[in-house]
Amino acid sequence: MVLLPTSNTFAPPLAAAAAGGGLDYMEIISHAGPVVLGVLALLILASVVSWGIILKKWLHLRRAQGESVKFLETFWQSKRLDAIYQAAEALSASPISQVFRAGYVELSKVTASQKRPGEDAMSEQLGGIENVERALKRAAVAEVTHLESTVPFLGTTASAAPFVGLFGTVWGIMRAFNDIYQMGNANLATVAKPISEALIATAFGLAAAIPAVVAYNYFVSRIRVLDTEMANFSNDFLNIVRRHFFS
């Protein structure tokens, strides 16, 4: 008599197929090894910090641009530098207003010390203009440094996060091959969870890197525009100073 296999022989595979729900990724993450969990925790932390920087820097640059427009309107409409200086105090987020304030303070010092007895007028004028120019450049550099603060973290995250995720992927694949070796079985059920764990690490790495690189490029472009506007304003301010104070 020939014994035929009963339906119970294929019960586990059929049950798994009938379930049709796929893999539970939260369960896979909760049962991941310490190395992969460490990679995921690091990527989540980097992503959270990156989003915090993105929101804060976006608001900062938006305010800086808006107040710079207001300051330039005030600067070209007003005819008194002291009135412009008072208006600049209320527009502290504008890098252009801060450059003007530094130049105005230096100009006040220079004009207060002009025409001292025994000093050559021409050399005094040249030295005064150079002092104002240096003050403008120092202020511009300080403002660019302030605008660029925390932005390098986004660049670092954009560059490093995919490789950190790749490390988790490689480690998960190594674990999958180790499970195959120990169980002596190379079916899909043996390697599905470790490989899924590995791919989750890659996904986390990309999720952290993509917003960071987009935001980094956007912020660098905005800061470059503000830097150019500060340079243009410095040239215009120096021309006004030469024409009205050192002519």
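Tutor: Helices here are DSSP runs of H or I with at least four residues, numbered from the N terminus. In this predicted model, T157 has its place in helix α7, residues 151-183.

Student: How do you know whether T157 is buried or exposed?

Tutor: The relative accessible area of T157 is 6%. Buried means under 20%, so T157 is buried.

Student: Which residues is T157 in contact with, leaving aside its neighbours within four places in sequence?

Tutor: The partners of T157 are A46, S50, P162, A208, A209 and A212. For each of them, contact means heavy atoms within 4.5 Å.

Student: Why is T150 called partly exposed?

Tutor: T150 has a relative accessible area of 41%. Partly exposed covers values between the 20% limit for buried and the 50% limit for exposed, therefore T150 is partly exposed. T150 sits in the loop between α6 and α7. Its phi is positive, about 70°, although T150 is not a glycine.

Student: Which residues meet where α3 and α4 are in contact?

Tutor: From α3 come F71, T74 and F75, and these meet I84, A87 and A88 of α4. The residues of this contact divide into five nonpolar, one polar and no charged.

Student: What makes a set of residues a nonpolar core?

Tutor: Its members must be buried residues of the nonpolar kinds listed for a core, joined through side-chain atoms within 4.5 Å. The largest such core here has 24 residues, and those with the most contacts inside it are F71, F75, F100, F233 and F237. The elements giving two or more residues to this core are α3 (34-77), α4 (81-89), α5 (95-112), α6 (121-147) and α8 (188-245). Apart from it lies another core, of eleven residues, with I53, I54, A64 and V151 among them.

Student: Which residues does F233 touch, not counting those up to four places away in sequence?

Tutor: F233 touches F71, L72, F75, I96, V99 and F100.

Student: How many helices and strands does the protein chain have?

Tutor: The chain comes to eight helices and zero strands. Of its 247 residues, 35% are buried. Among contacts between residues at least 6 apart in sequence, 80% join residues at least 24 apart.

Note on methods: Residues are numbered from 1 along each chain as its sequence is written. Side-chain values use heavy atoms; hydrogens and water are left out. Buried means under 20% relative accessible area, exposed over 50%, partly exposed in between (1.4 Å probe, protein chains only). Ala, Val, Leu, Ile, Met, Phe, Trp, Tyr, Cys and Pro count as nonpolar, Asp, Glu, Lys and Arg as charged, and the others, Gly among them, as polar.
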